[in-house]
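Thanks, everyone, for making the time this morning.

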Amino acid sequence: MASQPDPGPSAEIIADVFQRGCTSRHVLETVTGRWGVLTVAGLRDGAIRFNALRRRIDGVSEKMLAQTLQALERDGIVIREARATLPPHVEYRLSELGERIADRLIGLIEVLEDSVPEVSSAQRDYDARD
């Protein structure tokens with residue numbers, strides 16, 4: 001039996017979010033940033049137009065939402081679909097990766113929303129110490 005030739009260095013990428021240059025860190029920053037979380041969660045229910053998404057995410061500026069969507073699209077989390085109509089009809093939706101991420105984010109959001117009374121109590125206790 002002949003031995004297999006050494007394939008050389010592996011082209012496999014090993015992600016480590018704790019390493020400064022790792023792509024996963026950049027994506028984590030994009031997804032978990034203030035507008036990233038809300039944008040991904042806001043797209044969880046299906047395709048939506050820009051202005052409808054902006055109305056859903058109270059407080060986001062047009063510029064910040066556009067930048068967030070663009071970053072999420074670049075990372076393969078959001079898909080932008082433009083239809084050749086007059087006026088142009090553009091919708092955003094989650095990719096399969098985006099759906100997996102959204103499912104995890106929704107779990108975190110639910111824990112946070114359910115914990116508001118506990119957090120408020122902790123904040124009052126903390127503020128009373130000063």
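Predicted model: local features only at pLDDT ≥ 70, side-chain atom pairs only at ≥ 80, totals over all residues.

Let me start with Val 90, which counts as buried because its relative accessible area is 17%, and the cut-off for buried is under 20%. Val 90 sits in strand β3, and, if we leave aside its neighbours within four places in sequence, Val 90 is in contact with Arg 49, Phe 50, Arg 80, Glu 81 and Ala 82. Ser 121, on the other hand, is 31 residues from Val 90 in sequence, and the two C-alpha atoms are 44 Å apart in space.

In soluble globular proteins, nonpolar side chains tend to be buried together. Here the largest nonpolar core has 21 residues, and those with the most contacts inside it are Val 40, Leu 43, Leu 69, Ile 77 and Val 78.

Which residues of helix α2 are buried? They are Trp 35, Gly 36, Val 37, Thr 39, Val 40, Ala 41 and Gly 42, and because that makes seven of the nine residues of α2, the helix is largely enclosed by the rest of the structure. The cover over these buried residues includes α1, α3, α4, β3 and α5.

Finally, the chain as a whole. Its secondary structure comes to six helices and three strands, which follow one another in the pattern α-α-β-α-α-β-β-α-α. For 130 residues, a compact globule would have a radius of gyration near 14 Å, whereas this chain has 20 Å, and its C-alpha atoms fill a box of roughly 75 × 55 × 25 Å along the principal axes. Across the 130 residues, 27% count as buried, and the accessible surface comes to about 10,000 Å², with 52% of it belonging to carbon and sulfur atoms. As for charge, the chain carries 17 positive and 21 negative charges, whose mean positions are 6 Å apart.

Terms used
Residues numbered from 1 in each chain as written. Heavy atoms only, no water. Helix = DSSP H or I, 4+ residues; strand = E, 2+ residues; numbered from the N terminus. Rg over C-alpha atoms; globule rule 2.2 N^0.38 Å. Buried < 20%, exposed > 50% of the residue type's maximum accessible area, 1.4 Å probe, protein only. Areas by Shrake-Rupley, 256 points an atom, 1.4 Å probe, with all protein chains shown as cover. Lys, Arg positive; Asp, Glu negative; His and termini not counted. Charge placed at Lys NZ, Arg CZ, Asp CG, Glu CD. Core = buried A, V, L, I, M, F, W, Y, C linked by side-chain atoms within 4.5 Å. Contact = heavy atoms within 4.5 Å.
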